[in-house]
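Thanks for coming, everyone. Please bring up the model on your screens, and I'll walk you through it.

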Amino acid sequence: MQKSIYFKVVSPGKVAISEILLPEDDAPLQINEVGNFMKMLRLKNNLSKKEVARLLNFKNINKTIKNIGKIEENSECFPEYIEKLVLLYKSSMEDFYRAKERGKSLKNQIEKEQEEKRKIRVQQERNFYVKLIQKLPLLFVHFEEIMNTPEYYFLPLIGASVSSAWIGRARTNLYLGEVLTLWKNQSWVGTCNQCQGKVYVTRIGGSVLSGCGYGRGFCVNCMGMEEVQERFRPFFFPLIKLPIRELPEDLDFITIDTLIERLERNSRNK
Ligand SMILES: [Zn+2]
């Protein structure tokens with residue numbers, strides 16, 4: 001897991017930076033099969049980078065040392081080096097290509113796994129909002145109750161987030177109470193890029209200075225997550241005007257199903 005930062009609104013227009021964990025599959029690919037192979041050969045031959053650079057006999061020895069490092073650390077490609085190095089290390093090009101193939105198939109495999117995970121996340125997000133938006137009238141009827149019940153207010157919304165150029169990566173966990181307020185006052189309601197339908201915005205990103213950016217959310221017409229036509233600023237400013245709520249430390253998070261169940265029960269009992 002990699003650490004990143006997210007922001008917290010501390011007063012209207014002011015943000016503080018804090019830490020949050022990134023999802024695992026946002027981590028960059030780090031595959032170095034060729035580099036590891038080349039380094040292993042050099043060490044097996046008991047040679048330092050400097051010694052190898054001398055033996056290669058290129059003009060600029062410091063540059064050669066650096067390039068050997070780049071090959072070993074990042075599998076960078078220097079065709080004019082490889083054959084010479086392989087010969088020097090008493091290995092074969094066949095073994096070199098095998099290492100290269102290993103790297104490729106490992107990369108493919110990891111990319112495939114990440115793509116699978118991404119698809120599952122997209123599906124989960126869609127299912128979540130299908131449920132939530134269908135129950136929107138119920139949520140609005142119980143708006144005050146949701147605002148006043150920490151378990152309801154702090155229900156995390158899947159994929160609901162904000163990022164802005166001058167505050168680093170993002171707040172990746174907007175809560176129901178925040179987003180519902182923005183939906184209720186219509187500031188996080190947009191127009192679908194695909195069908196001109198109504199979109200309940202859940203995610204925005206961009207730059208306050210340039211106004212460039214995007215908004216994305218659930219389109220009631222497409223029944224899926226779509227981009228909106230409107231840009232960043234009209235979404236950002238209503239968000240930072242929201243009152244600040246501290247997440248209670250001992251809060252039990254509930255699911256959307258539990259929330260709906262409880263609200264429907266309350267409705268019946270009234
Ligand atoms: Zn649409």
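**Cores, a strand glycine and a helix pair**

Start at Leu 176. Leaving out residues up to four places away in sequence, Leu 176 touches Ile 146, Tyr 152, Tyr 153, Leu 155 and Leu 157. Contact here means C-beta atoms, placed from the backbone, within 7 Å.

Two housekeeping points. This is a predicted model: local features need pLDDT of at least 70, side-chain atom pairs count only at pLDDT 80 or more, and totals for chains, interfaces and linings use all residues. Numbering runs from 1 along each chain as its sequence is written.

Now the largest nonpolar core. It has 31 residues, and Leu 176, Val 179, Trp 188, Val 199, Val 201 and Phe 235 touch the most other members. A core is a set of buried Ala, Val, Leu, Ile, Met, Phe, Trp, Tyr and Cys residues joined through C-beta atoms within 7 Å. Buried means 20 or more other C-beta atoms within 10 Å of a residue's own; 12 or fewer is exposed, and in between is partly exposed. Helix α9 gives this core its largest share, 5 residues. A second, separate core has 11 residues, including Ala 53 and Tyr 81.

Next, Gly 190. It sits in strand β4, residues 189-191. Helices are DSSP runs of H or I, at least four residues; strands are runs of E, at least two; both are numbered from the N terminus. Is Gly 190 buried or exposed? Buried, because 25 other C-beta atoms lie within 10 Å. Beyond four places in sequence, its contacts include Val 199, Gly 215 and Glu 230.

Last, Glu 33, Val 34 and Phe 37 of α1 meet α5 residues, among them Phe 96 and Leu 106.

Conventions
Two residues are in contact if their C-beta atoms, placed from the backbone, lie within 7 Å.
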